[in-house]
Amino acid sequence: MPTFLQKILPNEGYYCVVGLKDGVSPKQSFYDLLEDVEAEVKGLLENDFNVYFACASFSVLGKRTQENAVYMKSFWLDLDCGVDKPYSSQADALQALLSFCQTVKLPTPTIVNSGRGIHVYWVLEESIHKDEWNPVAKQLKSLCKERGLEADQAVTADGARILRVPD
C-alpha cells in the first residue's frame with residue numbers, strides 16, 4: 001500500500017522537504033527519490049522538527065518557487081481553526097468542508113490534521129503539468145470563496161506551497 005507522500009506527490013521531478021524548529025535555522029532539502037523524501041521526513045520527526053513537504057515537484061534542484069514547480073498530483077486546501085481563525089474548531093471546519101463537497105459535487109477528500117487546522121487533498125490518479133493544474137486550482141480557489149468555504153486563499157493555487165506531513 002502506498003504511503004501518504006507516495007499518494008500525494010507527483011511521480012517525477014525533484015521533491016522538497018522543510019524542517020522547522022525553534023532556535024534552529026530552517027532546513028530545506030531536495031530529493032529525486034520518494035524513498036529519500038520519506039527517510040528525511042522520518043529523521044526530522046525523530047529530531048523534533050515540524051516537518052513540511054512541497055506539494056509539487058520541481059524541475060530545477062534546490063529552487064522551491066512557483067516558476068520552478070512543474071508537476072502536481074493533487075489539489076489542496078488549508079482550513080485554519082482556532083481563536084481568531086475562520087473556524088473555531090476542526091469539527092466546524094470538517095462540517096463546512098463536507099457541506100461544500102456535497103454542494104459542489106466533489107468527492108470526499110483526504111484530510112490531514114495539521115496541528116490546529118485541516119489540510120485537504122483531492123488526489124489525482126496521475127501527475128499533471130502545472131499548466132493543466134493552475135487553471136483548475138484557481139477555479140477551486142474561486143469556488144471556495146463563492147460558496148463560503150473559508151480556505152486560506154494564499155494556499156489553494158500556490159504550486160510551491162509546503163504543508164505539514166501527517167504525524
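Helices α3 and α4 are roughly perpendicular to each other, a class that covers angles of 65 to 115 degrees. Their axes cross at roughly 105° and come within 11 Å. Axes here are lines fitted to C-alpha atoms, for helices over the stretch in contact, with angles from 0 to 180 degrees between N-to-C directions. Helices and strands are DSSP runs numbered from the N terminus: H or I of at least four residues for helices, E of at least two for strands.

The model is predicted; local features need pLDDT of at least 70, side-chain atom pairs count only at pLDDT 80 or more, and totals for chains, interfaces and linings use all residues. Residues are numbered from 1 along each chain as its sequence is written, and side-chain values use heavy atoms, leaving out hydrogens and water.

Which residues meet where α3 and α4 pack? From α3 come Phe-100, Thr-103 and Val-104; from α4 come Leu-140, Leu-143, Cys-144 and Arg-147. Contact means heavy atoms within 4.5 Å.

Now take α3 by itself. Helix α3 runs over residues 90–104, and its end C-alpha atoms are 21 Å apart. That agrees with the 21 Å its 15 residues should span at 1.5 Å a residue; the expected span is 1.5 Å times one less than the number of residues. The buried residues of α3 are Ala-93, Leu-97, Phe-100, Cys-101 and Val-104. They cover an arc of only 95° around the axis, so they sit on the same side of α3. The arc is taken from the directions from the helix axis to the C-beta atoms. An α-helix has 3.6 residues a turn, so residues three or four places apart point the same way. On the other side of α3, Ala-91, Gln-95 and Gln-102 are exposed. Buried means under 20% relative accessible area, exposed over 50%, partly exposed in between, with a 1.4 Å probe and protein chains only. The cover over the buried residues of α3 includes β5 (69–79), β6 (110–113), β7 and α4 (130–147). After α3 comes Lys-105, with a positive phi near 60°.

Rings of Phe, Tyr and Trp (its six-membered ring) pair if their centres lie within 6.5 Å; planes under 30 degrees apart count as stacked, over 60 as edge-to-face, the rest as tilted. The count is 6 aromatic pairs. Phe-4 and Tyr-121 are edge-to-face, 5.5 Å centre to centre with 75° between the planes. This pair links helix α1 (residues 4–8) to strand β7 (residues 118–129), 117 residues apart. Phe-4 and Tyr-121 are buried. Phe-4, Phe-53 and Tyr-121 form one aromatic cluster.

Phe-30 and Phe-58 make another pair: centres 6.1 Å apart, planes at 80°, so edge-to-face. Phe-30 lies in strand β2 (residues 24–31) and Phe-58 in strand β4 (residues 56–58), 28 residues apart. Phe-30 counts as buried at 16% relative accessibility, and Phe-58 at 0%.

Most residues other than glycine have a negative phi. Asp-48 is not a glycine, yet its phi is positive, about 60°. Asp-48 is in the loop between α2 (34–46) and β3 (50–54) and is exposed at 62% relative accessibility. Asp-84 also has a positive phi of about 60°. Asp-84 lies in the loop between β5 and α3 and is exposed at 77%.

Asp-152 is in the loop between α4 and β8 (162–164). At 26% relative accessibility, Asp-152 counts as partly exposed. Asp-152 touches Asp-78 and Asp-80, leaving aside residues up to four places away in sequence.

Methods:
Parallel < 35°, antiparallel > 145°, perpendicular 65-115°, else oblique.
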